[in-house]
Amino acid sequence: MEASVFSVLFLSLCAFSFSPVRSQTNSTDSCSSNLAVSSLIPFYSSSFNCLSAWSSEGFILRYATTSNNTWSFVLSSLYTNAYIAIGFSSNGQMVGSSAMVGWATSGNGTVGTANQYYLGGVSPSDCPPGTGNLNVVKNSTVIVSQSSRLYLAFEITVDKPSPYLVYAVGPQGTLPSSNGYLTEHRDMASASFNANTGVISDAQSGRGFDKARKHGLLVLLGWGVLVPIGILAARYFKRYDPHWFYSHISIQTVGFGLGLAGIIMGFDLEDDEVDDYDKHKALGIAILVFGCLQVTAFLARPDKSSKVRKYWNWFHHNIGRLAIAFSIANIFLGLSIASESKSWYIGYGAFLGVWVITALLLEIRHWMKSDD
């Protein structure tokens, strides 16, 4: 009985929803008008840097640092009867960051509530109020509403803040419960923060694929999915000569191309302060070297009758196995660095499970036929 062609079950990893950009405009606060801020925030001065941090939500961020490693932040946003948050993250993700969160019950002249949170997960119980790793200066936190805007101000003491800021807004019309536990945010965004220069990039919304996620998806689909499938085609379908060869080359070429594009995109990320980044980068370079060796080996492939063909086969097969092993390990390391949800682990793990079972069945069939 002919072996059936198996299909990849992994392509539907996750879906992302898109919401329309809000059309509200900011007429009561801007970087050129600081009167309201100076009257509301005791530690504010005209020396603060200012930028439109997240235009779709009307976020304006003012910040400054002093010689004693004290960083001061003032975040303002349109009042929507929802909480606002600013977090400090090692990788641009909410999970694992510490955040200052504030809200008020009215948009005019109301002193609100602010707390620090450690965002340990995506459920309210994972983010208890009064936790976090920020060294907040005592009595520096201010949360107040005025003229339909909400102002959250605080100071922290730190040698060098985390390389990313994350912003979030809660669901409109839904404030945190009386015990301070948060509901899931309506939207979030992240921005890189260079503590040496004090420069903060434009916020990138959490909805959709950012560059880091595109990098991960390209490498995962290329070297984590297609290349392993191409190996099965070469190992178990040689009776369909020459179709197995063209299938193997086609699949590996596409897989190598996607992985290469992902690696190039990954070099542009340069998140040196992220935990395990150097390890992830080193593994990626090793995988790239293995891939280039395979391409070189293909171009220098000796004839089947050549005496060195058996050495070429040994080299080609084992470099391929090393590339697959390194790729799988690095994919899981990348998912950990990005603090991705369990669905990514489950999805890729399910693919690997199907791949291993398929390989075992085909290997058993291969040996059984060899004994005939």
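## The model

This is a predicted model: local features need pLDDT of at least 70, side-chain atom pairs count only at pLDDT 80 or more, and totals for chains, interfaces and linings use all residues. Residues are numbered from 1 along each chain as its sequence is written, and side-chain values use heavy atoms, without hydrogens and water.

## The chain

The chain has six helices and 13 strands. Both are DSSP runs, numbered from the N terminus: helices are H or I with at least four residues, strands are E with at least two. Of the 372 residues, 44% are buried. Buried means under 20% relative accessible area, exposed over 50%, and partly exposed in between (1.4 Å probe, protein chains only).

## Two crossing helices

Helix α3 spans residues 243–267. Helix α4 spans residues 277–299. Their axes come within 11 Å and cross at roughly 145 degrees. Axes are lines fitted to C-alpha atoms, for helices over the stretch in contact, and angles run from 0 to 180 degrees between N-to-C directions.

Contact means heavy atoms within 4.5 Å. On the α3 side, the meeting residues include Phe256, Leu260 and Phe267. On the α4 side, they include Ile285, Leu288 and Val295.

## A nonpolar patch

Phe267, Ile285, Val289 and Leu293 form a nonpolar patch on the surface. Like charges are joined within 9 Å, nonpolar side chains (Val, Leu, Ile, Met, Phe, Trp, Tyr) within 5 Å. Together the four have about 290 Å² of accessible area, from the Shrake-Rupley method with a 1.4 Å probe; for residues, only the protein chains shown count as cover.

Helix α4 gives the largest share, three residues. Ile285 lies in α4 and is partly exposed, at 38% relative accessible area.

Conventions. Patch = residues over 30% accessible without salt bridge, like charges linked within 9 Å, V, L, I, M, F, W, Y side chains within 5 Å. Salt bridge = Lys/Arg side-chain N within 4 Å of Asp/Glu carboxyl O.
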